[in-house]
Amino acid sequence: MTDLKEKQERDQWGSKLGFIFAAAGSAVGLGNLWKFPYLAGQNGGGVFVVIYLGLVLLIGFTLMMAELVLGRNTQLSPVGAYRKLKEKWAWVGAIGVLASFLIVTYYSVIGGWIIKYIISALTGAFNTTDLATLEGVFTSFIGAPVEPLIYHAIFMLMTLGIVMGGISGGIEKASKILMPGLFIMMVVLMIRSITLPGAMEGVKYLLQPDFSKLNMSVVVSALGQVFFSLSLGMGVIVTYGSYLSKDENLVESSFIIPALDTIIALLAGLTILPAVFALGFDPAGGPGLLFVTLPGVFAKMPLGQLFAVLFFVLVLFAAVTSSMSLLEAAVSLTVDEFNWDRKKATIGLGILAFLIGVPSSLANGPVLGNVTFIAGTNFFDSMGIITDNLLLPLAALTLAIFVGWVWGTDKALAEATNQGKVKFTIGKCWAFAIKYVAPLAIGYILISGLIPLFKQ
């Protein structure tokens, strides 16, 4: 858009802590509390964790720094940021924002399921350890034509209420409450889990690597989890970086945010897997771990109803901190590019996201349950394929290429170090990683995610 619009005054974070909590909250979501434990369970436990930690340092930090640098340098949302630095590259920012917006449409559906499970936990509905029965309860609920839509709407309204408040007045305030609350509940649940008889087997499984189980599949799974867990390629971190002051220490923030995200993922693993082992369930239970296996775990656990409520409230906190950041990327773009009022932009985009999410909510029921889309999957899974297998890897790959080869690592390092005022000892290593390592790793994710689709 015009220079005038690019120069209009932007909201800023009220404090460094608020920014860190919000950015970490964006990263901390269902990927940590749901996907990390079951991927660890399926990929050998400790060996998966070791590979994951190494990749967080190598890839997670590298891309986090690149996105923060772009946002802070330009003080614009992703499309404007790329355009300001290289006009013909604005489309790269659009890919990330499109991905984050599409994710929030079905993320809100899952958020609605979580609200339903909080209510179920409060009413004591988890009173059986039979997984077939619990799976039937879950599939019956998500297959209903109306009830999931109601919870989808409730979750979307929660997200809108926070984003409408702006950066300092909405997202930052919410993050300062939700993130400490999430951490406290996670620690309480972890302590309860590891003190169950037999829980140490689960702790050993997660933290004691067995390198005989190491193979390329484990590495690919860990790489994909790092990539998606940290909100990379979604335009979110670029957007959040655009609200930073010019004296913020980006090097420090680029380490802290992935570190907090990783700590939460490990706490989730130490909360879920020891309890699963202690109570005799399968640690490789897969995606059904959250809505099928864990209710069975709580039913078998002393004071299980209380801890079930705490756990699903915890998951809701994580889901909200992610959904508000996903929506903010699109809101920021419309405010920057089209000079929309924030509240009108939030409401309009929220309604659109809800409507696009309706087919995802209906995908498991009688209305759309028998309709297939990409690679024979339903609408809900097809949306995940579009974002996870195509848009996010493509956005992150072009980000790495842009920062490493188009804009240039010299300019990026100058911004990262506040024009030489901040020490960045491994700056040359970061430059090498963003130019060579990150594109190769992300390119591999992109290709490996698309090849199976063409084989259908």
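**Close-up views of a predicted model**

**View A. Helix α5 and the helices around it.** The buried residues of α5 pack against α4 (46-74), α6, α12 (236-241), α15 (304-338) and α17 (379-416), where contact means heavy atoms within 4.5 Å and helices are DSSP runs (H or I, at least four residues) numbered from the N terminus. This is a predicted model, in which local features need pLDDT of at least 70 and side-chain atom pairs count only at pLDDT 80 or more, while totals for chains, interfaces and linings use all residues. Residues are numbered from 1 along each chain as its sequence is written, and side-chain values use heavy atoms, with hydrogens and water left out. Because six of the eight residues of α5 (residues 78-85) are buried, this helix is largely enclosed by the rest of the structure; buried means under 20% relative accessible area, with a 1.4 Å probe and protein chains only. The buried residues are P78, V79, G80, A81, Y82 and L85.

**View B. F311 in the largest nonpolar core.** Among the 165 residues of this core, L63, F311 and W430 touch the most other members, and helix α6 (residues 90-122) gives the most to the core, with 19 residues. A nonpolar core is a set of buried Ala, Val, Leu, Ile, Met, Phe, Trp, Tyr and Cys residues joined through side-chain atoms within 4.5 Å. Leaving aside neighbours within four places in sequence, F311 is in contact with L189, I272, L290, L294 and F298.

**View C. T293 in helix α14.** T293 lies in helix α14 (residues 293-300) and, at 6% relative accessibility, counts as buried. Not counting residues up to four places away in sequence, T293 touches L131, F281 and G288.

Conventions:
Buried means under 20% relative accessible area, exposed over 50%, partly exposed in between (1.4 Å probe, protein chains only). Helices (H or I, at least four residues) and strands (E, at least two) are DSSP runs, numbered from the N terminus.
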